[in-house]
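Thanks for asking me to look this one over. Below are my notes, as numbered points that you can check against the coordinates as you read.

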Amino acid sequence: MKNIIVLLLVFGCFSCVSPKRKTESSAKNDKQNVIFFLVDDFGWMDTSYQGSSFYETPNIDKIANESMRFNQAYAAHPRCVPSRFAMITGKYPARMAIPGKGGKDSGKLKKTEFGMAKAFKKGGYTTFFAGKWHLASDEVYPEDQGFDYNFGGGHAGAPKSYFYPYNIQKNKKNGNGREKDIKGLEDAEEGDYLTDHLTKKTLSFINENKDKPFFVYLSHYGVHTPFEGKEVHKKHYKNKLKENPVSSGAQFDKIGDTGETKLYQDNVTYAAMIQSVDESFGKITDLLEELGLSENTIIVFTSDHGGLSNRGNKRKLATSNLPLRAGKGHNYEGGIRIPMFVKWPGVTSDSSTNTVVTGTDYYPTLIEMVNLPNQQEQILDGVSFSKVLRGDKADIERPIFWHSPMPRPTSTGDRANTAVRKGDYKLLDFYEEGVVELYNISTDISEKKDLSDQMPKKRNELLNLIKNWRKEVNAFIKKKN
């Protein structure tokens with residue numbers, strides 16, 4: 001009996017000590033970590049949780065179903081550079097003539113800009129960037145914008161190859177040979193896959209910084225062209241396509257003046273690239289769970305714009321955004337509506353919202369979520385949606401704008417225009433042609449029924465909003481020859 005009592009006392013002491021140690025360890029990081037997971041060219045319909053039956057995204061779906069999903073989330077522009085500028089700065093890219101050439105300071109991200117990462121760094125966070133930056137036109141790199149670590153972020157908008165060495169084009173027919181070199185990822189071995197490499201860098205950082213607050217901005221080059229995926233994944237989707245072939249009828253359609261639109265999701269290599277991104281997301285969320293950080297880490301999953309589904313030439317396309325109209329490069333829904341969800345432990349749950357948000361809103365939202373002061377001294381166009389995440393009634397009632405003055409009609413099939421959405425209505429002003437189109441997005445998500453003639457009052461109201469906004473931001477408009 002005496003021995004039993006001694007054993008009970010010993011076990012009792014251990015049971016008292018263990019929780020205390022756990023509490024002391026977690027106390028080292030009393031701030032919430034943030035992971036911003038950005039996928040390039042990733043369409044609104046490119047996940048299983050959104051309804052894709054071809055692509056498989058089990059890891060993304062799992063966290064999406066533990067998060068608040070935003071059904072009407074938008075990129076601030078239908079192309080990479082302007083959209084990324086908006087996310088980092090909280091400003092409309094048109095304020096800096098991005099894209100465009102307006103003056104010596106236009107079209108660039110400046111070192112003096114107080115962007116998102118600078119706010120986190122000033123707030124005591126260790127900041128990490130890996131992947132695609134594409135904002136270095138003025139030699140401004142992630143480390144100039146508040147990131148302590150930068151792996152792979154510079155001028156490049158895409159790799160020459162997804163298999164190391166990333167700066168050597170493997171397939172001359174696969175494009176992107178003129179892209180800038182990717183630097184800071186020279187520690188890979190021949191054949192390493194870029195998405196995996198960026199994931200390894202991120203996992204290593206999280207392991208090394210688990211006891212202090214961190215801000216991770218993982219900006220995957222995937223799933224941008226060139227189309228290159230792992231053979232094991234490609235084989236899986238080839239077999240899947242054999243078992244469930246797409247229609248033998250028309251593979252493309254032409255809706256208005258938006259070039260050809262891809263009708264089916266059947267690009268095997270693109271599907272393989274998506275699976276690698278999904279595996280990346282799963283490895284990161286698994287590590288958070290393993291380290292006991294999942295309940296102290298905010299996760300934002302998003303894309304920089306819509307999927308590559310349209311063409312003005314005969315280029316190979318990635319995906320279909322249907323039922324949305326058009327894709328990358330266009331201010332129709334397919335070019336700007338994106339998959340997006342936020343997991344905020346202890347706050348969000350399995351839910352969705354129709355609140356309209358855009359790319360300028362991430363910056364003010366994230367710093368409000370982690371209680372950092374707004375250090376942005378210049379104009380901030382973004383509006384915080386943290387109240388929406390808390391379940392409060394949305395109070396974001398404002399028009400949102402897109403400006404595309406540098407179209408690529410022979411590439412993605414788009415035309416110069418400015419667009420605005422206010423409430424349920426969206427107007428596109430094709431100002432070079434003197435043409436406007438008006439749609440009720442709540443009842444016509446595919447933007448098939450132009451209401452501009454039927455609703456002249458609404459048309460004029462939104463057109464005036466566009467004209468006034470273009471003057472306010474000094475939007476660049478290319479001069480006619």
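1. The protein as a whole averages a pLDDT of 90, and 91% of the residues score at least 70.

2. A word on conventions. This is a predicted model, in which local features need pLDDT of at least 70 and side-chain atom pairs count only at pLDDT 80 or more, while totals for chains, interfaces and linings use all residues. Residues are numbered from 1 along each chain as its sequence is written, and side-chain values use heavy atoms, with hydrogens and water left out.

3. Now to the sheet. Four strands form an open sheet in the order β14-β15-β16-β17, with antiparallel pairing; strands (E, at least two residues) and helices (H or I, at least four) are DSSP runs numbered from the N terminus, and two strands pair if DSSP finds at least two bridges between them. β14 and β17 stand at the edges with a single partner strand each, so one side of each has no neighbour in the sheet. From one strand to the next, the twist averages 10 degrees. Between β14 and β15, which run antiparallel, there are five bridges; serine 404 has asparagine 417 in β15 as its bridge partner.

4. α11 packs on this sheet, touching β14, β15, β16 and β17, and its direction makes about 60 degrees with that of β16. Such angles run from 0 to 180 degrees between N-to-C directions, with axes as lines fitted to C-alpha atoms, for helices over the stretch in contact.

5. Which residues of α11 are buried? They are Leu462, Leu463, Ile466, Trp469, Arg470 and Val473, where buried means under 20% relative accessible area, exposed over 50% and partly exposed in between (1.4 Å probe, protein chains only). Seen down the axis of α11, these buried residues fall within an arc of 125 degrees, so they line one face of the helix; the arc is that of the directions from the helix axis to the C-beta atoms. They pack against β14 (400–404), β15 (417–422), β16 (425–430) and β17 (435–440). On the other side of α11, Lys457, Asn468, Lys471 and Glu472 are exposed. Just after the helix, asparagine 474 takes a positive phi of about 55 degrees.

6. His233, Lys234, Tyr237 and Lys240 are buried in α6. Seen down the axis of α6, the buried residues fall within an arc of 120 degrees, so they line one face of the helix. What covers them includes α7 (268–290). Glu231, Val232, Lys235, Lys242 and Glu243 are exposed on the other side of α6.

7. Please also look at some backbone details. Most residues other than glycine have a negative phi, and most peptide bonds are trans. A cis peptide bond joins isoleucine 98 and proline 99, with omega about -5 degrees; proline 99 sits in the loop between α3 (80–89) and α4 (116–122). Another cis peptide bond joins leucine 322 and proline 323, with omega about 15 degrees, and proline 323 lies in the loop between β10 (310–311) and α8 (333–336).

8. The loop between β10 and α8 also holds alanine 326, whose phi is positive, near 65 degrees. Alanine 326 is buried, with a relative accessible area of 1%. Histidine 134, in the loop between β4 (126–131) and β5 (149–151), has a positive phi near 65 degrees; at 22% relative accessibility, histidine 134 counts as partly exposed.

9. Finally, a link across the sequence. Asparagine 354, in the loop between β13 (351–353) and α9 (362–369), is 283 residues from asparagine 71 in sequence but 5.3 Å from it in space, C-alpha to C-alpha. Not counting residues up to four places away in sequence, asparagine 354 touches Asn71 and Gln72.

Notes
Contact means heavy atoms within 4.5 Å. pLDDT is the predictor's confidence in each residue, from 0 to 100.
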